[in-house]
Amino acid sequence: MTILAIDIRKAEIRDADAIADVHQTSWDGAYAGIIPHRALNTMISRRGPQWWAHAIRRATSILVVEIGGDVAGYATIGRNRARELPQQGEIYELYLRPECQGIGLGTRLFAAARARLAAYNMKSLVVWALEDNVGAVEFYARAGGRDIAEGVEVFDQKALRKIAFSWE
Ligand SMILES: CC(C)(COP(=O)(O)OP(=O)(O)OC[C@H]1O[C@@H](n2cnc3c(N)ncnc32)[C@H](O)[C@@H]1OP(=O)(O)O)[C@@H](O)C(=O)NCCC(=O)NCCS
């Protein structure tokens, strides 16, 4: 039997290629058929390895989850951006490679992101998910998130509803 070690740590410059790859495959998997093709392609192509290397260098808080030494997913975290919401922290993005979904890694990465925010004294947090991203909505509801607000995001003239989940 092969035992694969799971590790969650802060992203380093050497992870930029792998994170860009996770970003591309996970966004394609999550949003194809939801976000219009051209808008999705534009968002994905902007976030190549150089974009990620720059983000890591600028000390943006990025966590990666590794399985057997390979990056399987990432999360970006920081201060809550929505002024109308009182929560202190926010998980901006949490994405896993399609082949690494459904085996508990998202739950572990979410817990690590939450613990990291708490360590920065941000004990409450918010996460936004597109309503049509049923997998994400289900995941955050299962993780105990309270559905507290709604918004709209427009992609190439297509308006999509988004939901904010909070943890206190
Ligand atoms: C959403 C995501 C982060 C969840 O991580 P994951 O590792 O796949 O989820 P887990 O295996 O930890 O599952 C945790 C729970 O969520 C539920 N869940 C996860 N994905 C689900 C899906 N697609 N549909 C329904 N339920 C789902 C699981 O059933 C599980 O419930 P349980 O504890 O009762 O068994 C991951 O699937 C992903 O990256 N998806 C694509 C990108 C995305 O949508 N990211 C979020 C953007 S806001």
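1. Basis. The model is predicted; local features need pLDDT of at least 70, side-chain atom pairs count only at pLDDT 80 or more, and totals for chains, interfaces and linings use all residues. Residues are numbered from 1 along each chain as its sequence is written.

2. Sheet. Seven strands form an open sheet with mixed pairing, in the order β1-β2-β3-β4-β5-β7-β6. Strands are DSSP runs of E with at least two residues, helices are runs of H or I with at least four, and both are numbered from the N terminus. Two strands pair if DSSP finds at least two bridges between them. β1 (6-10) and β6 each have a single partner strand and stand at the edges, so one side of each has no neighbour in the sheet. From one strand to the next, the twist averages 25° (axes are lines fitted to C-alpha atoms, for helices over the stretch in contact; angles run from 0 to 180 degrees between N-to-C directions).

3. Pairing of β7. Strand β7 (residues 158-167) pairs with β5 (residues 125-130) in the antiparallel sense, over six bridges. Here Val 127 stands opposite Phe 165. With β6 (residues 146-155), β7 also pairs in the antiparallel sense, over nine bridges. Gly 151 has Lys 162 as its bridge partner. Glu 153 has Leu 160, and Phe 155 has Lys 158. The hairpin of β6 and β7 has two residues between the strands, and Asp 156 takes a positive phi near 50° there.

4. How many of the 10 residues of β6 are buried? The number is zero, so β6 lies largely in the open. A residue is buried if 20 or more other C-beta atoms lie within 10 Å of its own, exposed if 12 or fewer, and partly exposed in between; C-beta atoms are placed from the backbone. Ile 148 lies in this strand. Ile 148 is partly exposed, because 13 other C-beta atoms lie within 10 Å. Leaving aside neighbours within four places in sequence, Ile 148 is in contact (C-beta atoms, placed from the backbone, within 7 Å) with Ala 164 and Ser 166.

5. Core. The largest nonpolar core has 34 residues. Such a core is a set of buried Ala, Val, Leu, Ile, Met, Phe, Trp, Tyr and Cys residues joined through C-beta atoms within 7 Å. Ile 19, Leu 63, Val 64, Tyr 74, Ala 75, Ala 113 and Val 127 touch the most other members. Not counting residues up to four places away in sequence, Val 64 touches Arg 9, Ala 11, Asp 15, Ile 19, Val 71 and Tyr 74.

6. Around the ligand are 19 residues (C-beta atom, placed from the backbone, within 6 Å), of which Gln 101, Gly 106, Thr 107, Gly 135 and Glu 138 come nearest. α1 (16-31), β4 (89-96), α4 (105-119) and α5 (134-142) are the elements that give two or more residues. α5 gives the most, with five.

Technical notes
Contact = placed C-beta atoms within 7 Å.
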